[in-house]
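Open the model in your viewer and keep the selection tool at hand. The tour goes from one selection to the next and says what is there.

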Amino acid sequence: MTLLCAPLCGLVTARGADAPAKFLGATSCASSGCHGGGGEKQNQFLTWSLKDFHSQRPAATLTTARSRQIGEALGIKDPTAEARCTTCHAPLHDVPDDLRGKDFKVSEGVSCESCHGPSENWLRAHTRHDYTRADRTAAGMRDLQNLYVRANTCVACHQVVSQPLLKAGHPELIFELDGQSVAEPKHWSVEKNGNGAQAWFVGQAVALRELSWQVAHETAPTQNLVNRWAGLAWLLQTASLADNLKTPASTVPAEAVTQAAKIQGDSDAIARDTAVTDWTDAMTGKALTTLAGSAAAFRDASVPPSVQARRAERLVLALDRLLAAQNNHKADAELNQLFKLAQSVPDFDPAQFATALEKFAAAVSIP
């Protein structure tokens with residue numbers, strides 16, 4: 001299962017049992033009495049259109065010289081009209097003509113309906129006071145308060161890049177749900193953001209599922225892809241919260257393909273279950289303690305430095321989000337050093353990173 005079509009998948013029915021709902025366009029949300037007003041709870045459209053890069057930058061990126069170079073390497077004449085590019089950068093481009101409402105605009109980029117779902121069935125009713133969260137979801141409005149659903153909505157475009165695109169020069173992407181949610185200009189209530197540590201864990205489990213799918217379905221997965229997958233699997237196994245994720249991630253491509261299929265299913269189940277778990281401070285503390293105490297793993301000479309580098313890049317993001325969940329700033333300097341050491345995969349020094357990780361653990365009082 002891959003979520004490459006996440007912005008357009010799961011279209012709910014309207015106008016008949018088999019007819020998918022229409023996309024009505026962001027302007028259908030933009031009146032001053034709805035989400036285009038100036039009040040704190042009515043300025044969502046303004047926040048998205050004026051502050052959130054999703055409204056302009058992804059589509060504009062396809063017009064740059066770098067996009068043209070990537071396109072030329074792949075035989076793509078126009079990135080702005082190629083599905084391999086527009087799926088993420090301009091998802092409304094791929095909406096069929098018969099599903100476009102009268103105010104629909106392809107130029108809206110990653111719009112309201114890219115994340116919340118086509119609005120034909122829920123637009124008029126979703127503000128009713130007697131409408132429950134379940135009612136809105138049943139009408140086709142995506143339940144982004146559920147961390148599993150939110151991660152599924154974001155992961156495909158924030159992590160999954162095909163090998164041909166990578167070889168042509170597309171940058172690698174690393175999906176981390178909590179950090180991305182915090183960084184995005186808020187057009188939702190902060191209290192609906194959920195527990196940061198829980199969002200981090202659910203997001204990483206979903207990310208592992210997608211990487212596992214990619215490894216299992218590539219004809220010949222590259223060593224780099226396998227290393228990225230193995231590094232993330234190590235992180236979740238080490239965090240000690242994923243007790244049913246027991247399969248060791250091999251860094252031998254042929255073995256990885258076989259293992260990845262199982263890890264794909266396991267990680268999806270973990271993400272789904274954790275999203276509805278009553279997350280506690282003790283769980284955050286356990287994950288932080290275990291991960292911060294993993295210096296010995298980076299001194300294991302049997303693990304190639306290229307794999308250790310992939311472990312480190314996921315680990316520093318994890319430590320950052322776990323500390324943020326605790327509002328803990330005692331080890332900011334040590335964490336910054338870890339980020340610095342994990343920046344370059346070719347230059348990564350496992351022993352140096354292990355020493356810095358021990359200093360981090362001491363700074364946050366982890367034995």
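Begin with helix 11 and helix 12, which are oblique to each other, a word for angles that are not under 35 degrees (roughly parallel), over 145 (roughly antiparallel) or 65 to 115 (roughly perpendicular). Select residues 223-238 for helix 11 and residues 253-275 for helix 12; their axes cross at roughly 40 degrees and come within 11 Å. Axes here are lines fitted to C-alpha atoms, for helices over the stretch in contact, and angles run from 0 to 180 degrees between N-to-C directions. Helices are DSSP runs (H or I, at least four residues), numbered from the N terminus.

Before going on, note that this is a predicted model: local features need pLDDT of at least 70, side-chain atom pairs count only at pLDDT 80 or more, and totals for chains, interfaces and linings use all residues. Residues are numbered from 1 along each chain as its sequence is written, and side-chain values use heavy atoms, with hydrogens and water left out.

Gln223, Val226 and Trp229 of helix 11 touch Pro253, Ala256, Gln259, Ala260 and Ile263 of helix 12, where contact means heavy atoms within 4.5 Å. By class, this contact of helix 11 with helix 12 has six nonpolar, two polar and no charged residues. Ala, Val, Leu, Ile, Met, Phe, Trp, Tyr, Cys and Pro count as nonpolar, Asp, Glu, Lys and Arg as charged, and the others, Gly among them, as polar.

Next, select glutamate 176, in the loop between helix 8 (163-167) and helix 9. Is glutamate 176 buried or exposed? Its relative accessible area is 6%, so glutamate 176 is buried (buried is under 20% relative accessible area, exposed over 50%, partly exposed in between, with a 1.4 Å probe and protein chains only). The side chain of glutamate 176 reaches two backbone nitrogens: that of aspartate 178 at 2.9 Å and that of glycine 179 at 2.7 Å. Leaving aside neighbours within four places in sequence, glutamate 176 is in contact with Trp200, Gln204, Leu317 and Arg321.

Move to serine 181, in helix 9 (residues 177-183). Serine 181 is buried too, with a relative accessible area of 8%. Its side chain reaches the backbone oxygen of leucine 177 at 2.9 Å.

Then select helix 14 (residues 305-326) and helix 15 (residues 332-341), which pack at an angle of about 155 degrees with their axes 10 Å apart. That makes helix 14 roughly antiparallel to helix 15. Val316, Leu317, Leu319, Asp320 and Leu323 in helix 14 meet Leu335, Leu338 and Phe339 in helix 15. By class, this contact of helix 14 with helix 15 has seven nonpolar, no polar and one charged residues.

In the loop between helix 14 and helix 15, pick asparagine 327. At 59% relative accessibility, asparagine 327 counts as exposed. Its phi is near 55 degrees, a positive value in a residue other than glycine. Most residues other than glycine have a negative phi.

Methods:
Helices (H or I, at least four residues) and strands (E, at least two) are DSSP runs, numbered from the N terminus. A polar contact is a pair of N or O atoms within 3.5 Å; within protein, one must be able to donate a hydrogen and the other to accept it, and residues adjacent in sequence count only if both atoms are side-chain atoms.
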